[in-house]
Amino acid sequence: MQTGFAFLEAGSVRSKNTTNIIMKNVLDLFIGAIMYFAVGYSFAYGQPGNRFIGHNYFFATNKDEVMKTKILTLNPQIFSFLLTNKINTQNFTYASWFFQYVFAATASTIVSGAMAERTEFTTYMVYCTFLTGFVYPVIVHWCWTDVGWLQYGTGTGLKYIDYAGSGVVHLTGGTAAFVGAIILGPRIGRFNNDGTVNDLPGHTVTVAALGGFILFVGFMAFNGGSQLTISNPGDGAIVALSIMNTVLGGASGAIVAMLVYKTTDAIRGEDHYWSLLITINGGLTGMVSMCAGCNDMLPWAAVVIGTVAGLAFMTWHHIMLKLRIDDPLDAVAVHLGGGLTGVLLAPIFVVKGLQLAETKEYVGGIIYGKHWLAFQGFGWNLLGAVAIIIWTGVISILLFGSMSLLGVLRVSEEVELKGLDKLKHGEPAYPIESYCDGVPPWSKGKVKQCNIKV
Amino acid sequence: MFIFFMQCGFAFLEAGSVRSSNTVNILMKNTLDVFVGSLSFFAFGYPFAYGRPGNSFIGHNNFFGANVQYFEKSVIANNQTLGGYETSSSYFANFFFQYVFAATAATVVSGAVAERADFSCYIIYSFTITGFIYPVGAHWVWSPDGWLNTGAGTGLSMQDYAGSCVVHVCGGMAALAGAKILGPRLGRFSDDGLDKPIPGHSVPLVSLGAFILLVGFLCFNGASIQRISKNGDGLEVSLSVTNTILSGSAAGLSSMLTHRVHSMVKGKGKYWSLLMTINGGLTGMVASCAGCNDIAPWAALLTGSVAGVVFVFARQFVLWLKIDDPLDAISVHLFGGTVGTLAAPILAIRGQTINGVSVGGPIYGGGVDAWRGVGWSLVGLFSIGLWSGLCCFTLFTTLDMVGLMRIPKSVEESGIDMQKHGEHAYPETFVRIIDDRPETPRKNKVVKRNVASALVDKSLPAITTSAWDGQHPSEAGSSTNGCIEDPTRLSPSTAYNRK
């Protein structure tokens with residue numbers, strides 16, 4: 001899916017900034033791997049951990065086991081990995097690390113979309129380190145480990161419902177993107193003083209669509225794989241259901257977004273189009289909203305939630321424009337909007353839902369109305385969404401704000417206008433000297449080019 | 001099958017790294033080496049590599065699939081075995097898996113000989129490497145009969161899990177031989193020895209290829225265990241995948257940083273180079289192939305960091321030798337493979353197996369046996385390097401003497417696509433670069449740009465969207481992509497005409 005994001009972003013920025021955005025995507029893949037390996041997974045899943053954060057498994061070592069080996073017991077834990085030859089650490093599996101790592105990489109790559117075309121490269125790397133190393137893992141710990149406070153609930157069976165991370169991954173990324181885009185400011189030439197908006201279109205729709213397709217395929221794996229097991233009885237059915245719901249949610253989100261875009265513009269008397277990019281982004285929003293509960297809802301519910309997600313996407317799209325926040329890829333609209341939709345609507349529509357602590361009975365979603373716990377579940381999810389937004393938002397404000405005050409967040413005006421590729425990377429995405437038409441020089445004027453009638 | 005998809009990754013990596021007038025040619029070479037490779041590997045390659053019985057140098061059975069039991073025994077009447085040899089019923093599964101490895105080794109070379117190798121030369125080379133050169137190396141290391149595997153009396157076994165040495169050093173040496181004998185592209189090195197880089201035409205295509213390769217590599221290394229149902233297999237596979245991504249990441253970051261520092265020191269400006277990063281990442285993954293199932297994750301980080309730094313300096317070394325390598329294939333595969341082959345036994349956890357017991361690697365208390373294992377890997381590295389190098393050197397020299405090696409100068413300077421394939425990669429109706437800059441007077445009347453000359457059909461619509469604009473919005477209309485380049489360096493013909 002990193003490929004998909006890279007291409008969605010590459011196609012949606014101007015050609016003079018393409019190398020830069022692909023570089024940011026490649027970097028957050030690499031930095032994410034190292035940070036998540038070193039400290040991220042440990043903060044997220046380290047056992048034992050407290051309600052807030054985990055504290056074991058740094059660099060994939062288990063401090064309890066290392067302390068048991070009698071070599072140099074005075075060693076601080078951080079260097080223990082040099083001594084132990086155990087690659088099989090208790091409760092830590094490489095497969096689980098890898099799966100969680102790619103989720104972390106997804107969260108951090110969302111931010112690069114909203115901050116495209118004008119962010120300083122080094123600051124982005126620093127931000128990425130913090131997001132995959134600290135901000136995201138802490139949220140994962142709250143929501144997906146048994147001891148985290150959102151998952152632990154109040155002891156009555158109240159838990160935070162978020163199967164594949166609508167809130168954990170997408171709301172986090174979306175909030176960080178939102179804060180980043182605000183603090184960064186719009187691209188030069190995007191908003192005029194009289195309130196009109198200049199469209200700064202991407203340079204290749206084909207590439208963006210390629211990215212969109214790869215993301216669609218990847219999302220099915222994202223949601224299907226979140227079951228984490230395949231060999232328990234009933235797993236196959238749940239995985240299949242998740243994938244189906246993901247597709248349905250994406251489909252309804254895309255269609256609704258496309259229709260709303262066309263009809264609202266038509267009603268207002270402006271130029272109205274069937275926009276491919278809106279459709280793709282609407283589909284992604286739908287799939288994002290599915291993440292929260294696709295394993296546990298009926299297909300008709302997936303269509304409903306996808307529709308709401310498509311509407312949420314369009315709403316956020318217009319909110320961002322009204323607030324004069326420049327988001328080149330609508331990353332905030334897709335992820336923040338879709339994430340909120342998913343987190344808030346999942347407790348309404350789930351079939352099994354929460355489990356009562358005393359009787360172990362499943363209460364289902366609000367529409368099944370079996371027990372007061374379902375309503376509390378909605379409230380708990382709302383609380384979770386708010387907590388994630390506040391946690392990510394505050395840390396992002398601190399990070400981006402301090403970088404902005406230091407003057408390192410945004411590139412200089414000259415660099416932004418000339419394009420980041422040449423000046424920052426030395427590699428223009430489409431170097432002009434490499435484009436030739438292949439006609440032999442001695443036949444100039446004598447050979448006609450073959451023209452294809454379009 | 002995902003490893004087969006890596007061929008697509010290579011194709012895009014190469015397509016984006018050559019000029020737009022040679023794109024069809026390079027894609028054709030990539031497609032062909034998949035097809036030619038499969039025929040040659042089935043007929044000769046797999047039998048040479050894994051045919052049993054075989055001696056310690058080469059296998060000699062199952063040519064063209066002979067003596068293979070196609071169906072389960074119960075289907076054949078009388079339960080007869082064929083020809084006295086009973087081969088495994090998973091022959092075809094093994095064949096396909098080994099084939100995609102062989103195709104990987106072969107396609108490395110197409111990168112090093114891009115834009116100037118003759119087509120028939122490439123076919124002959126591809127047939128030979130998948131049919132003979134690579135399989136012999138694979139036989140030595142991976143076949144139960146091969147001498148590097150059995151130890152040839154020393155009791156040691158070369159540790160090369162997913163083929164750092166077998167695949168990448170072999171391919172890298174072939175690339176080196178090919179690029180050296182072929183010579184640089186026209187205009188690449190000026191007469192006084194200066195390096196004049198010829199950039200590729202599309203960085204997004206290169207990065208698409210790189211992303212596909214990164215994913216494919218995870219499969220390449222993860223699947224090299226070739227089974228999944230034994231106890232402990234899941235752990236080994238997941239460890240391999242983890243080590244691969246960690247090694248790749250560390251290498252990408254270290255090559256990016258090294259390049260930035262290096263280019264700053266050399267006074268060429270401070271750049272965060274995307275191409276260095278992704279090629280560095282690939283080098284790290286190549287380096288992780290040899291031992292990813294047997295090293296600790298921190299060791300993978302170390303291997304990757306070293307591989308990234310080695311990549312940057314290897315690239316400088318190749319340039320110093322005046323070898324033109326459009327994709328840095330030699331630096332990635334040959335040098336990355338070397339780092340991997342040497343790092344794996346040094347950092348290994350289980351290490352050599354003597355008398356059925358793992359002695360452990362050198363840092364885990366393996367002692368003399370572990371260091372002998374490192375030495376054996378060194379022997380293997382030299383053997384496979386020399387084997388591949390000598391065979392390819394002979395092959396390419398022969399082709400060069402016959403005159404089949406390089407395309408004619410006229411074809412090279414105007415671009416291969418139209419001449420050899422009759423197809424534009426980017427037909428003129430889609431892209432027209434308008435040059436509105438005032439023509440500066442030049443002494444030798446060199447054509448500024450082929451496209452802007454009288455050939456262009458002015459009835460075609462020009463591209464003037466702001467998306468392709470590199471200038472300030474007030475200067476809209478000249479779509480020069482924001483690059484102010486030396487106008488005399490715009491096409492191969494000008495490069496050739498330059499003094």
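This is a predicted model: local features need pLDDT of at least 70, side-chain atom pairs count only at pLDDT 80 or more; totals for chains, interfaces and linings use all residues.

Biologist: How many cavities of 30 Å³ or more does a search of the whole structure find?

Modeller: The search turns up 12.

Biologist: What volume does the second largest cavity have?

Modeller: About 130 Å³.

Biologist: Which residues lie nearest its centre?

Modeller: F10(B), L13(B), L282(B), V332(B) and H333(B), out of 17 lining residues. Two or more lining residues come from each of α1 (2-17), α3 (91-112), α7 (203-222), α9 (274-288) and α11 (329-347) of chain B.

Biologist: Which element gives the most?

Modeller: α1(B), with 4 residues.

Biologist: And how does the lining divide into nonpolar, polar and charged?

Modeller: The lining of the second largest cavity has 11 nonpolar residues, 5 polar and 1 charged.

Biologist: Switching to chain A. How far does helix α12 reach?

Modeller: α12(A), residues 331-349, spans 26 Å from first C-alpha to last. That is close to the 27 Å expected for its 19 residues at 1.5 Å a residue.

Biologist: Is α12(A) mostly covered or mostly open?

Modeller: Mostly covered. In α12(A), 17 of the 19 residues are buried.

Biologist: What is the helix content of residues 121-141 of chain B?

Modeller: That span is 100% helix, with end C-alpha atoms 28 Å apart. Residues 95-114 of chain B are 90% helix and 0% strand, with ends 29 Å apart.

Technical notes. Residues are numbered from 1 along each chain as its sequence is written. Chains are lettered from A and ligands numbered from 1 in the order in which they are written. Side-chain values use heavy atoms; hydrogens and water are left out. On a 1 Å grid over the protein atoms alone, a cavity is a set of points where a 1.4 Å probe fits but cannot get out, and a pocket is an open set with protein on both sides within 12 Å along at least five of seven lines; lining residues have an atom within 4 Å of a point. Grid points are joined across faces, edges and corners, and a volume is the space filled by probe spheres set on the points. Ala, Val, Leu, Ile, Met, Phe, Trp, Tyr, Cys and Pro count as nonpolar, Asp, Glu, Lys and Arg as charged, and the others, Gly among them, as polar. The expected span of a helix is 1.5 Å times one less than its number of residues. Buried means under 20% relative accessible area, exposed over 50%, partly exposed in between (1.4 Å probe, protein chains only).
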